Amino acid sequence: NKSIMKQQSEVLLSEKKYLGEAKMRNHFAVLDEPIKAGGGDTGPTPVEYLLTAIGGCVAMTLRMYAERKDWNLGEIKVIVSQKEALTSSGIKKSLVEEISFENEITAEQKTKLLEIAGKCPVAKMVKGETEIATSIV
């Protein structure tokens, strides 16, 4: 069983409470918490990055599929929201994806695109299909 490292993100949290910098290949992003959570609100939260990663992955997955089918969807918009509901066993969190296209699509295309949206690799990770091995080095 041979494994290789595919993609990586490195996060360095500064001494300024929750302010952090993420490095992905040669790209950088800032992350922080809102002021009400004790942060400085200088960047998106880790949850907002996760929602963005899912939305971006879904949109790109749909674009790749549509290009193979020669479907012109125009702009693809994906809104991903975190929802909380109070249940008898406590707070239950879930995600809601709302997808829209600039151009009209048929009922058949809609059915297929909904299926393809569920194949986004990031969403599959979040749904629990990826093991996480944690260590302190």
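Analyst: An axis is a line fitted to C-alpha atoms, for helices over the stretch in contact, and its angles run from 0 to 180 degrees between N-to-C directions. This is a predicted model, in which local features need pLDDT of at least 70, side-chain atom pairs count only at pLDDT 80 or more, and totals for chains, interfaces and linings use all residues. Residues are numbered from 1 along each chain as its sequence is written, and side-chain values use heavy atoms, with hydrogens and water left out.

User: Why is helix 1 called oblique to helix 3?

Analyst: The two axes, of helix 1 (residues 46-69) and helix 3 (residues 121-129), come within 7 Å and cross at roughly 135°. Angles under 35 degrees count as roughly parallel, over 145 as roughly antiparallel, 65 to 115 as roughly perpendicular, and the rest as oblique. The crossing angle of roughly 135° therefore makes helix 1 oblique to helix 3. Helices here are DSSP runs of H or I with at least four residues, strands are runs of E with at least two, and both are numbered from the N terminus.

User: What makes strand 1 and strand 3 the edge strands of their sheet?

Analyst: The sheet is open, with three strands in the order 1-2-3 and antiparallel pairing. Strand 1 and strand 3 each pair on one side only. Four bridges join strand 1 to strand 2, and five join strand 2 to strand 3. Neighbouring strands of this sheet are turned by 20° against each other on average, direction ignored.

User: Which residues stand opposite each other here, and what is found in the two hairpins?

Analyst: Glu10 has Lys23 in strand 2 as its bridge partner, Val11 has Ala22, and Gly20 stands opposite Leu31 in strand 3. The hairpin of strand 1 and strand 2 has six residues between the strands, with Lys17 at a positive phi near 60°. The hairpin of strand 2 and strand 3 has two, and Arg25 in the turn has a positive phi of about 50°.

User: What makes a space count as a pocket, and which elements line the largest pocket?

Analyst: On a 1 Å grid over the protein atoms alone, a pocket is an open set of points with protein on both sides within 12 Å along at least five of seven lines, and lining residues have an atom within 4 Å of a point. Its volume is the space filled by probe spheres (1.4 Å) set on the points. The largest pocket has about 1,400 Å³. Of its 28 lining residues, Gln7, Gln8, Ser9, Met24 and Ala53 are the closest to its centre. Strand 1 (10-13), strand 2 (20-24), strand 3 (27-31), helix 1 and helix 3 each give two or more residues to the lining. Helix 1 gives the most, with 10 residues. The lining divides into 17 nonpolar, seven polar and four charged residues.

User: What lines the second largest pocket?

Analyst: Ser3, Ile4, Met5, Lys6, Gln7, Thr130, Glu131, Ile132 and Ala133 line this pocket, whose volume is about 340 Å³.

Conventions: Ala, Val, Leu, Ile, Met, Phe, Trp, Tyr, Cys and Pro count as nonpolar, Asp, Glu, Lys and Arg as charged, and the others, Gly among them, as polar. Two strands pair if DSSP finds at least two bridges between them.
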